[in-house]
Every structure is written in structure tokens, then in C-alpha cells.
Amino acid sequence: MPHIESWLEIPAGSDFTIYNLPYGAFRANDGRLHLGIAIGAKILDLHAVADAGLLDDICDRRILQAERLNPFLALGREKWKALRLRIAAFLRTDQAADARLRELNASRVFVDQADAKMAVPMNIGDYVDFYSSIEHATNLGKIFRPDGEALMPNWRHIPIAYHGRSSTIVIDGTPIVRPSGQRKPPGSNMPVFGPSTKLDIELEVGFVTGPGNKLGEPIPVEKARDHIFGLVLVNDWSARDIQAWEYQPLGPFLGKSFATTISPWIVTMDALEPFRTNGPVQEPQPLPYLRSGDRWSYDIALAVDLSTKRMRAQGSTPKTVSRTTFKEMYWNMAQQLAHVTVNGTAIRPGDLYASGTISGTTPDAFGSFIEMTWNGTKPIRAGDETRTFLEDGDEVTLRAWCESGDFRIGFGKASGTIVPAR
Ligand code: CA
């Protein structure tokens with residue numbers, strides 16, 4: 001990567017370097033949501049930049065002054081690229097365009113991230129969650145079906161998924177109320193009702209869609225890139241006891257639908273381009289409509305941090321309980337999108353398609369507590385406490401970043417604290 005500098009100060013180790021420029025939405029002083037781009041510790045207010053007429057040659061300013069990204073997502077890759085280049089030109093030391101931005105009142109165009117209240121940046125019409133890590137699918141198969149085959153016979157042929165609940169997708173920092181529901185105690189034939197005793201996380205990355213397709217016209221793998229805007233972190237909070245009792249025969253429902261947390265900044269596929277890489281070999285070869293070719297994986301490092309209420313009271317730093325990578329996921333985004341639409345399903349701008357739990361091969365790389373603690377049988381340490389599943393007051397933070405030498409882009413975080421059942 002060529003080295004690029006910004007005239008704006010970027011703190012060392014920042015996720016939001018000039019190479020990144022992710023999109024989000026924040027509550028502005030006028031009470032409305034403004035679209036913005038994260039840069040260093042600041043947000044560049046796109047609403048204000050559009051107001052100054054600096055982007056009128058790229059698109060109608062009403063698109064950049066909408067409260068959510070959906071109209072911009074609908075414009076497609078050429079417009080996305082044009083705006084990205086323009087914003088970079090404003091912020092680069094070596095390009096003349098920066099003077100135009102500097103002329104604007106800086107306090108009107110830049111907002112401190114520390115002061116900003118972020119919102120889910122798009123209206124999410126549909127949310128689908130895949131199951132694309134072979135390690136995770138195998139682990140859960142062993143735990144939920146100890147007497148059967150760990151991997152179902154369809155798993156290597158179909159990117160397995162379920163349809164999630166978009167209306168309960170929440171932004172980083174939103175408290176998570178412990179769900180109540182039915183669970184069946186071991187050895188009993190009758191269910192009981194009450195707060196979940198096996199509340200868990202799922203470490204995932206999700207893609208946000210751009211332009212949709214017409215109903216009845218599938219998106220082939222070779223066109224997938226035209227329909228994928230960028231990625232966010234996803235925590236698919238899961239109540240394992242509710243899930244275990246309800247999931248057969250139709251799949252996850254109330255064990256998942258109570259909340260899903262996403263990170264506030266959408267990291268674009270353009271920013272991630274330097275980190276494209278080959279995925280794992282698929283054996284057996286999938287059906288022709290799922291053959292995506294190479295270089296559809298992305299080398300993204302991931303971490304899960306746990307901070308208990310006691311750890312915070314003691315001033316302890318959060319404990320990193322898992323570190324893994326996105327690049328080993330068995331099914332890739334092109335295959336997932338081709339599969340979603342192969343029956344003619346129409347997608348729309350702003351849909352969210354999550355990867356499924358990202359697990360590596362060892363317990364310190366598993367993306368959920370049910371795997372890390374093997375369904376609660378092997379507790380892990382957190383400060384001077386142990387954990388199997390989450391307790392009230394526990395805060396879980398997902399992080400992700402890509403690094404190569406001194407070149408770094410990051411996702412920020414997706415965090416949530418468990419509060420007692422109501
Ligand atoms: Ca999931």
C-alpha cells in the first residue's frame with residue numbers, strides 16, 4: 001500500500017485511518033440522524049459537507065442528508081467509489097481538495113466520536129444469519145447431538161442459514177436484557193419457564209447489501225461484488241437453553257430473536273480490498289451455482305473481550321477470551337448471496353447477512369461460550385471469578401481489525417452488558 005497522510009491528526013493505533021473511511025449514522029445537534037465517516041477520533045459529518053455543496057457532482061445531496069444509508073446503498077459501486085475518493089481527497093495532505101474542507105467551519109464539519117450517539121446506520125429490511133464455520137458447526141453438532149453425526153449431511157453442500165429478526169438489531173453499547181423462556185431441565189420430560197441460565201454470544205461478521213435484484217432473478221456468484229457494500233461486527237446473542245428446547249424441527253427462534261448487536265461503522269469492501277485472500281479448499285466441490293472462484297475470503301483478525309461487574313469495580317482491564325480469524329470461514333459471501341437469491345428471492349439495499357459464529361480449531365479461538373466452556377463443563381477464568389455462560393453485569397465486546405505493517409483498518413467494537421431479566 002502506498003503511504004498516505006492526512007492533515008487531520010489520527011491517534012496511533014486508531015481503527016479509523018485514512019485507508020478505512022467507514023460509514024455510520026449519529027444523532028446530530030439538530031436532533032436528526034446524520035450520516036458520517038469515521039476518521040481518527042472524529043466523525044466527518046456528511047450532511048454538513050453535502051450542505052456546503054461539495055458533493056453535488058457525485059449525487060443528489062438529499063441522498064447524503066437522509067437519516068439512514070439505504071438511498072446511498074442503492075446507488076451502487078461506482079458512486080460508492082466516487083464518494084470514497086472525494087472524501088479521501090479532502091482528508092489527504094497531498095491533494096489540493098483539502099483546502100475546500102478546511103475552509104468550512106471545522107466545528108460544523110467534524111464531530112468528536114466520544115460525544116456522538118451512534119445509531120443503526122441503515123433500515124434493515126431482512127436479516128439472515130448463516131452457519132458457515134465448519135469448526136463451529138462441528139462443535140455445536142457434538143454438543144447438541146452427542147449421539148449423532150456432528151456435521152449434518154447437507155452442510156458441505158448448502159450454506160446453512162436461518163432468517164433472523166431485523167427489528168431487534170441494536171447498536172454497540174445497548175444493554176441486553178436477559179431473556180426468559182421455556183427450557184427443559186436435563187432428565188425431565190416437562191419444560192419450565194424462567195430467565196435463561198445459558199446466555200451466550202456469537203462472534204460474527206455480517207455484510208450489508210447495496211442494490212437489490214428483481215424478484216425471480218438470482219444474483220450469480222460473479223455478480224455478488226456489485227451487491228455487497230461493506231461489513232460490520234455482529235453479536236448474535238443466544239440463549240442456549242431456550243434454543244436447545246425449541247430448535248427442532250424449524251430452527252432458532254426465541255433463543256436468538258431478543259437482541260443482536262452490531263458495530264456502528266460499516267467498513268467498505270473497497271477499504272478491505274488489500275486484505276482479500278483465498279478461502280479454504282471446499283471438498284466436495286459445491287454445485288455450479290456456488291462455485292465462486294478464489295479470493296473471496298478476507299484476512300480479518302477478531303477478538304472477544306469479557307469484563308465482569310467485579311472486574312470493572314476493581315479497575316481490571318477486560319480479559320480477551322478468544323482470538324480468531326475470518327479468513328478460514330468455509331462458505332464465503334459470494335456463495336452466501338448466490339444461495340440466498342438462487343430461488344428468486346429479492347434482496348434490498350441495507351439487508352444484513354451475518355456469517356455465523358467464527359470459530360478456529362482450538363478453545364482459545366472459539367467464537368461462543370458454549371464452545372469455549374464445552375456447554376458449561378469447562379469454566380474459564382475471568383479475574384478472580386470463573387464463567388460458563390454470561391451473568392448479569394457481564395460486558396462482552398467484539399473487536400476486529402486488519403493489519404499489514406503500519407497499515408491498519410479496524411471495525412471499532414460491538415459491545416453489550418447483560419442486565420437482569422424483567
Ligand atoms: Ca449465529
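In the predicted model, P284 is placed in the loop that runs between β18 (276-277) and β19. The peptide bond that joins E283 to P284 is cis, with omega at about 0°. A cis peptide bond also joins Q248 and P249, and here omega is about 10°. P249 belongs to the loop between α8 (240-246) and β16 (260-262).

Phi of W374 is near 45°, which is positive although the residue is not glycine. N375 has its place in the loop between α12 and β23 as well, and its phi, near 55°, is likewise a positive value in a residue other than glycine. In terms of accessibility, W374 is partly exposed, with a relative accessible area of 28%. N375 counts as partly exposed at 27% relative accessibility.

As to overall architecture, the protein contains twelve helices and 26 strands. Its radius of gyration is 22 Å, close to the 22 Å that the globule rule gives for 422 residues, so the protein is as compact as a globular protein of that length. Taken along the principal axes, the box filled by the C-alpha atoms is roughly 70 × 55 × 40 Å. Buried residues make up 55% of the 422 residues. The accessible surface amounts to about 18200 Å², and carbon and sulfur atoms account for 52% of this area. When contacts between residues at least 6 apart in sequence are considered, 73% of them join residues at least 24 apart.

Helix α11 (residues 333-341) is mostly covered, nine of its nine residues being buried. The buried residues of this helix are M333, A334, Q335, Q336, L337, A338, H339, V340 and T341. Which elements do the buried residues of α11 pack against? The partners are the strands β6, β13 (203-209), β14 (228-235), β19 (297-298) and β22 (352-354), together with the helix α9 (269-272).

Empty space within the model was then considered. Rolling a probe the size of a water molecule over the atoms shows where such space is left. One cavity of 30 Å³ or more is present in the structure. The largest cavity holds about 110 Å³ of space. Its lining consists of 16 residues, and those nearest its centre are F326, W331, N332, M333 and Q336. Two or more lining residues come from each of β13, β19, α11 and β22. Strand β13 supplies the largest share of this lining, three residues. By residue class, the lining of the largest cavity is made up of eleven nonpolar and five polar residues, with no charged residue. Two of the residues nearest the cavity centre, M333 and Q336, are also among the buried residues of α11. The elements β13, β19 and β22 contribute to the cavity lining and are also among those against which the buried residues of α11 pack.

The largest pocket has a volume of about 550 Å³. It is lined by 30 residues, of which Y131, R145, I160, Y247 and P252 are the closest to its centre. At least two lining residues are supplied by each of β6 (127-130), α7 (134-144) and β7 (161-163). The most is given by α7, with five residues. The lining of the largest pocket divides into 16 nonpolar, eight polar and six charged residues. Strand β6, which contributes to this lining, is also one of the elements packed against by the buried residues of α11.

Finally, the surroundings of A119 were examined. This residue is found in strand β5 (residues 118-119). A119 has a relative accessibility of 14% and therefore counts as buried, the limit being under 20%. Apart from neighbours within four places in sequence, A119 is in contact with A25, L33, R68 and I171. Between A119 and I39, which are 80 residues apart along the chain, the separation of the C-alpha atoms is 17 Å.

Methods: Residues numbered from 1 in each chain as written. Predicted model: local features only at pLDDT ≥ 70, side-chain atom pairs only at ≥ 80, totals over all residues. Heavy atoms only, no water. 1 Å grid on protein atoms, 1.4 Å probe; cavity = no way out; pocket = protein on both sides within 12 Å on 5 of 7 lines; lining within 4 Å. Points joined across faces, edges and corners; volume = space filled by probe spheres on them. Helix = DSSP H or I, 4+ residues; strand = E, 2+ residues; numbered from the N terminus. Nonpolar A, V, L, I, M, F, W, Y, C, P; charged D, E, K, R; others polar. Rg over C-alpha atoms; globule rule 2.2 N^0.38 Å. Buried < 20%, exposed > 50% of the residue type's maximum accessible area, 1.4 Å probe, protein only. Contact = heavy atoms within 4.5 Å. Areas by Shrake-Rupley, 256 points an atom, 1.4 Å probe, with all protein chains shown as cover.
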